[in-house]
Amino acid sequence: MEAPSTDILMARQPIFDREMRVVAYELLYRSSGTNAAQIFDGNQATSDVLVSNFTSIFDNGTQRSVPAFINLTEDIISSNKLPSLDNKQVVLEVLEDVEVTEAVVESIKNLAAAGYRIALDDFEYTPAHDPLLHLAQIVKVDLTITRGDDLVKLVQQLRPFKVALLAEKIETKEEFRQCIDLGFKLFQGYFLSRPQIIEGRKIADNEIVLLELMSALDDPRATPEMLEKIIIRDPNLTLKLLRIVNSSRYALVNKIESLSQAIVMIGLNEIKKWTALISLSNNSNKPSELTRQTLITSHMCELIAEQTPGVNASSAFLVGMLSNLHVVLDISKEELMERLPMSDEITGALTERAGPLGGILRNSENYMNAKWEELDGVIDCHLYMTAYNESVSWASETMQLMHP
């Protein structure tokens, strides 16, 4: 889809429930001199498509939409210039620097009366917040600001109010479990992208096959026959691959019934890509959001490489996909690289974000995490924005194809 403007950067961050299922996305944005109202307002169809693209996901075999959390600055609240958005599809976040005045409380009251759900962002309690707490449904607590005894105290202070607690900026699984014990219902942060390393853990047989396959995908000497020998050791992988090749995506005239035939018909690069994606999803017992994020990263790296002279798009796709493999396997990056002999170029990109491939991966990750201030100054931000938007849609379509 088309981006709303060349000077606007947008990304999304998942919000999970206790079972680590995605129940919403926070829409993050940056632009020069532009506020949320200008981003979403204007053409109603454009606003609807924009929100739909960022909140539509394929999960557990079905396509569904989840709500979008959108920040409200004091200017938007006081000016009453709220974007024209479906009140059932958005949650409005009141930012922490909004002063609690009578005018602000009245504006929030009107929004709540209009059917919008209200969240209070980066919350630190004072009695002055009581009027907003009576209007809000969700309170977001920043764990980098409020922790330890202060966190326990805040939870106790909020108990009289009918609000669900959302813990944000969770970095580890331990923090996630602690917040569950304290009664939090919603969770946000990078904890999903951290492996839960278990000392002495042995790699399972199917994971060994996965590592062997990943190594073969990076080997320029790999032939269709070599890949076929690895792939057929996994009947589930073989069936899924043939189903995808025979899908409407390729619109082939004749049905393909063997891997060797598939490799000839759609090409080695396409077979490499789908084999890697299916193998990764087959071997992951992680939440589906990890697969989704991996797909977005992979395709985003590929799209950017296609517009970058001297960079192989197939290698960029592989680097994006491998960037989260240690999380899937719950091992350290160091152990992964020991078990996964790759070319120096890909190894450097994965371990040090070095070289052109590493730069694309680093910038893609920073974009996805809304760390826009850490993007290289020489990159084409519009290219990254467009690649991200397209990759979000592609990931949803791809997860449908991979679903049995």
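**Entry 1: N87**

I looked up the neighbours of N87 first. Leaving out residues up to four places away in sequence, N87 touches A114, G115, Y116 and R117. This is a predicted model, and I read every entry here with that in mind. Next I asked where N87 is placed. I found N87 in the loop between α3 (74-79) and β6 (90-94). I then took a distance to L318. N87 and L318 are 231 residues apart along the chain, and their C-alpha atoms are separated by 40 Å.

**Entry 2: P67**

I moved to P67, in the loop between β4 (62-65) and β5 (68-72). Is P67 buried or exposed? Its relative accessibility is 18%, so P67 counts as buried. The cut-off for buried is under 20%. I then listed what P67 touches, again not counting residues up to four places away in sequence. The list is V23, A24, Y25, T55, Q89, V91 and R117. R117 was also among the residues that N87 touches. P67 and I8 are 59 residues apart in sequence and 21 Å apart in space, C-alpha to C-alpha.

**Entry 3: Q156**

I found Q156 in helix α6 (residues 148-158). Its relative accessibility is 46%, so I noted Q156 as partly exposed. I also checked Q156 against R353. The two are 197 residues apart in sequence, and their C-alpha atoms are 43 Å apart in space.

K169 is one of them, with a phi of about 60°. K169 lies in strand β9 (residues 164-170). At 39% relative accessibility, K169 counts as partly exposed.

A251 is another case, with a positive phi of about 45° although it is not a glycine. I located A251 in the loop between α10 and α11. Is A251 buried or exposed? A251 has a relative accessibility of 62%, so it counts as exposed.

**Entry 4: helix α7**

I turned to helix α7, residues 173-181. K173, F176 and C179 are buried there. Seen down the axis of α7, the buried residues fall within an arc of 120°, so they line one face of the helix. I reminded myself of the geometry. An α-helix has 3.6 residues a turn, so residues three or four places apart point the same way. What covers the buried residues of α7? The cover includes β9 and β10 (186-189). β9 is the strand that holds K169. Just after α7, G183 takes a positive phi of about 105°.

**Entry 5: helix α11**

L259, A262, I263 and I266 are buried in it. Seen down the axis of α11, these buried residues fall within an arc of 100°, so they line one face of the helix. Which elements do they pack against? I found α9 (224-231), α10 (235-245) and α12 (268-282). Just after α11 comes G267, with a positive phi of about 100°.

**Entry 6: helix α13**

I checked the length of helix α13, residues 288-306. At 1.5 Å a residue, its 19 residues should span 27 Å. The end C-alpha atoms are 27 Å apart, which agrees. Then I checked burial. In α13, 17 of the 19 residues are buried, so the helix is largely enclosed by the rest of the structure.

**Entry 7: S215 in α8**

I found S215 in helix α8 (residues 205-217). Its relative accessible area is 19%, and S215 is therefore buried. S215 touches L340, P341 and M342, not counting residues up to four places away in sequence.

**Entry 8: how α18 meets α19**

My last stop was a helix pair. Helix α18 (residues 355-368) and helix α19 (residues 381-402) pack at an angle of about 70°. Their axes are 11 Å apart. Angles from 65 to 115 degrees count as roughly perpendicular. So α18 and α19 are roughly perpendicular to each other.

Which residues meet here? From α18, I listed G359, I360, N363, S364, Y367 and M368. From α19, I listed Y384, M385 and Y388. By class, this contact of α18 with α19 has six nonpolar, three polar and no charged residues.

Definitions and conventions
Residues numbered from 1 in each chain as written. Predicted model: local features only at pLDDT ≥ 70, side-chain atom pairs only at ≥ 80, totals over all residues. Heavy atoms only, no water. Buried < 20%, exposed > 50% of the residue type's maximum accessible area, 1.4 Å probe, protein only. Helix = DSSP H or I, 4+ residues; strand = E, 2+ residues; numbered from the N terminus. Arc of directions from axis to C-beta. Contact = heavy atoms within 4.5 Å. Axes fitted to C-alpha atoms, helices over the stretch in contact; angles between N-to-C directions. Parallel < 35°, antiparallel > 145°, perpendicular 65-115°, else oblique. Nonpolar A, V, L, I, M, F, W, Y, C, P; charged D, E, K, R; others polar. Expected span 1.5 Å × (residues − 1).
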